[in-house]
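This briefing concerns a single structure and is arranged by topic. Please consult the sequence and coordinates shown below alongside the text.

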Amino acid sequence: MSKIVIGLAIEVHKALGPGLLESTYKECLFYKINKSGLFVEKEKSMPVIFEEVQLDCRLWLSG
């Protein structure tokens, strides 16, 4: 699955080129992953402990 997602990410970058905000690439990649038939959820909250502090991190989950 990772080869598919990396390939889609490369397609998005080739189509858009460099220099855009990360959020632009993220939304386009999310679209491409869904279009390919893979299941992906974005911006799921996951607590992470860093230097004894619990942080609320947002992650992409795929399966």
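The points that follow cover the model basis, the nonpolar core, a charged pair, and selected residues.

The model is predicted: local features need pLDDT of at least 70, side-chain atom pairs count only at pLDDT 80 or more, and totals for chains, interfaces and linings use all residues. Residues are numbered from 1 along each chain as its sequence is written, and side-chain values use heavy atoms, leaving out hydrogens and water.

**Nonpolar core**
- L8, L29, F30, I33 and V40 form the largest nonpolar core, of 5 residues (buried Ala, Val, Leu, Ile, Met, Phe, Trp, Tyr and Cys residues joined through side-chain atoms within 4.5 Å; buried means under 20% relative accessible area, exposed over 50%, partly exposed in between, with a 1.4 Å probe and protein chains only).
- Helix 2 (residues 22-35) gives the most to this core, with 3 residues; helices are DSSP runs of H or I, at least four residues, numbered from the N terminus.

**Salt bridge**
- The structure holds 1 salt bridge (a side-chain nitrogen of Lys or Arg within 4 Å of a carboxyl oxygen of Asp or Glu).
- E11 and K32 form a salt bridge at 2.9 Å, N to O, joining helix 1 to helix 2 across 21 residues.
- E11 is partly exposed at 41%, and K32 is partly exposed at 23%.

**L16 and cysteines**
- L16, in helix 1 (residues 2-16), touches T24, Y25 and C28, not counting residues up to four places away in sequence (contact means heavy atoms within 4.5 Å).
- C28 is partly exposed at 28% relative accessibility, as is C57 at 25%.
- The whole structure contains 0 disulfides (pairs of cysteine sulfur atoms within 2.5 Å).

Methods. Helices (H or I, at least four residues) and strands (E, at least two) are DSSP runs, numbered from the N terminus.
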